[in-house]
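Here is a friendly walk through one structure, written for someone who likes cut-offs stated plainly. Have the viewer open as you read.

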Amino acid sequence: MKSLAENKIEVAQCSGFCFGVKRAMRIAKEALDKNKDAGVYSLGPIIHNNQVVEELTKEGLKPASLDDIKKGVVVISSHGAAPKVFSQIKAKGLRVVDATCPYVMSTQKTVEALSKDGYFIVIFGDRRHPEVESLMGFSGGTAAVVKDEKELGTIEFPHKKIGIVSQTTQLPANYIKVISAVMEKGFSEIRIFNTICSDTQKRQESAAALAKDSDVIVIIGGKMSANTKRLFEICSNICKGTYHIETADELKKAWFKGAGRIGIASGASTPDWVIEEVKNKILMIKEEGMGNG
Ligand code: SF4
């Protein structure tokens, strides 16, 4: 990558909504258009970005718990849901509109097939993330979640046929550590699946390239967004001046004092208009030439 010119603000090549989030937004908006009177709900945030969730709430999409929904349509988020959740929605006589990202769906199918074929499954990811909860649901209870290779020591493996998958937004380097540690345990059969999505990989690579060439890099995305947290992790290992914000209001003038080369990277659920607002506010800070905020 060419060097950033002094006093230039550059946005990472891969930024804004990913394919799965664009698709989930389109599906949610279509559900809202077609079911204006019935009531359209999501079980928690449809994507991990507060600004987008607020926008959709204004348009009529109501985040709710299943117990509180009496009638209407339930939109499944891009992170997916366990089969049990689909059954519960249908049992209540509600309609399901499924916005699960196809990459997540593919991992769910892999987990389901491994479970049916008698494999014990190691899922590398954050056990409280809805995507990982959905994968656990598809495993039929024959899986364990680990956040790193050290946690493998806490698992009692019931047999020697092992399948390994990763949450779609993890770092490949960390996934490789988990895979290597499983290999060292001497199982007779191990099936490894690369389930990290291609958008995540491209986004991580373009953020890392930009961080190498920046004095300050601002990562924009929801505080609950797994892929945004990974971008922050990657960039802060490369560039000391790495900051994670959700909106332009969180920018501090002091961050940019003496910084000539500024990069901006965004999580997969950050809309372009938030990126533009952040860019404009940084430009304003630079033009004011202030650095004492
Ligand atoms: S980050 Fe990847 S897996 Fe997640 S919604 Fe976007 S495209 Fe799908």
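## Strand, core and ligand

Glu10 has its place in strand β1, residues 8–11; helices (H or I, at least four residues) and strands (E, at least two) are DSSP runs, numbered from the N terminus. This is a predicted model, in which local features need pLDDT of at least 70 and side-chain atom pairs count only at pLDDT 80 or more, while totals for chains, interfaces and linings use all residues. Residues are numbered from 1 along each chain as its sequence is written, and side-chain values use heavy atoms, with hydrogens and water left out.

Is Glu10 buried or exposed? Glu10 is buried, because its relative accessible area is 18%, and buried means under 20% relative accessible area, exposed over 50%, and partly exposed in between (1.4 Å probe, protein chains only).

Met25 leads us to the largest nonpolar core. This core has 19 residues, and those touching the most other members are Met25, Val40, Ile46, Leu56, Leu61, Val75 and Val97. A nonpolar core is a set of buried Ala, Val, Leu, Ile, Met, Phe, Trp, Tyr and Cys residues joined through side-chain atoms within 4.5 Å. Two or more residues each come from α1 (19–34), α2 (50–59) and β4 (73–76). The most come from α1, which gives seven residues.

Ile27 is found in helix α1. With a relative accessible area of 11%, Ile27 is buried. Setting aside residues up to four places away in sequence, Ile27 touches Val97, Asp98 and Ala99, where contact means heavy atoms within 4.5 Å. Ile27 and Ala99 are 72 residues apart along the chain, yet their C-alpha atoms are separated by 6.2 Å.

Asn35 lies in the loop between α1 and β2 (40–42). At 12% relative accessibility, Asn35 counts as buried. Not counting residues up to four places away in sequence, Asn35 touches Val40, Val73 and Arg95.

Which residues does Leu61 touch, not counting those up to four places away in sequence? They are Leu32, Val40, Tyr41, Ser42, Ile46, Leu56 and Val75. Lys62 has its place in strand β3, residues 61–63. Beyond its neighbours within four places in sequence, Lys62 is in contact with Gly39, Val40, Tyr41 and Ser42. Lys62 is partly exposed, with a relative accessible area of 39%.

Asn237 is found in helix α8, residues 226–238. At 68% relative accessibility, Asn237 counts as exposed.

Some C-alpha separations are collected here.

| Pair | Apart in sequence | C-alpha separation |
|---|---|---|
| Asn237 and Ile285 | 48 residues | 25 Å |
| Lys62 and Glu131 | 69 residues | 20 Å |

Finally, the ligand. Where does the ligand sit? The ligand is in the largest cavity. On a 1 Å grid over the protein atoms alone, a cavity is a set of points where a 1.4 Å probe fits but cannot get out, and a molecule sits in one if more than half of its atoms lie within 2 Å of its grid points. Around the ligand are Cys18, Gly20, Cys101, Tyr103, Thr168, Cys197 and Thr200, a residue being near a molecule if one of its heavy atoms lies within 4 Å of it. By class, this shell has four nonpolar, three polar and no charged residues. Ala, Val, Leu, Ile, Met, Phe, Trp, Tyr, Cys and Pro count as nonpolar, Asp, Glu, Lys and Arg as charged, and the others, Gly among them, as polar.

Conventions: 1 Å grid on protein atoms, 1.4 Å probe; cavity = no way out; pocket = protein on both sides within 12 Å on 5 of 7 lines; lining within 4 Å.
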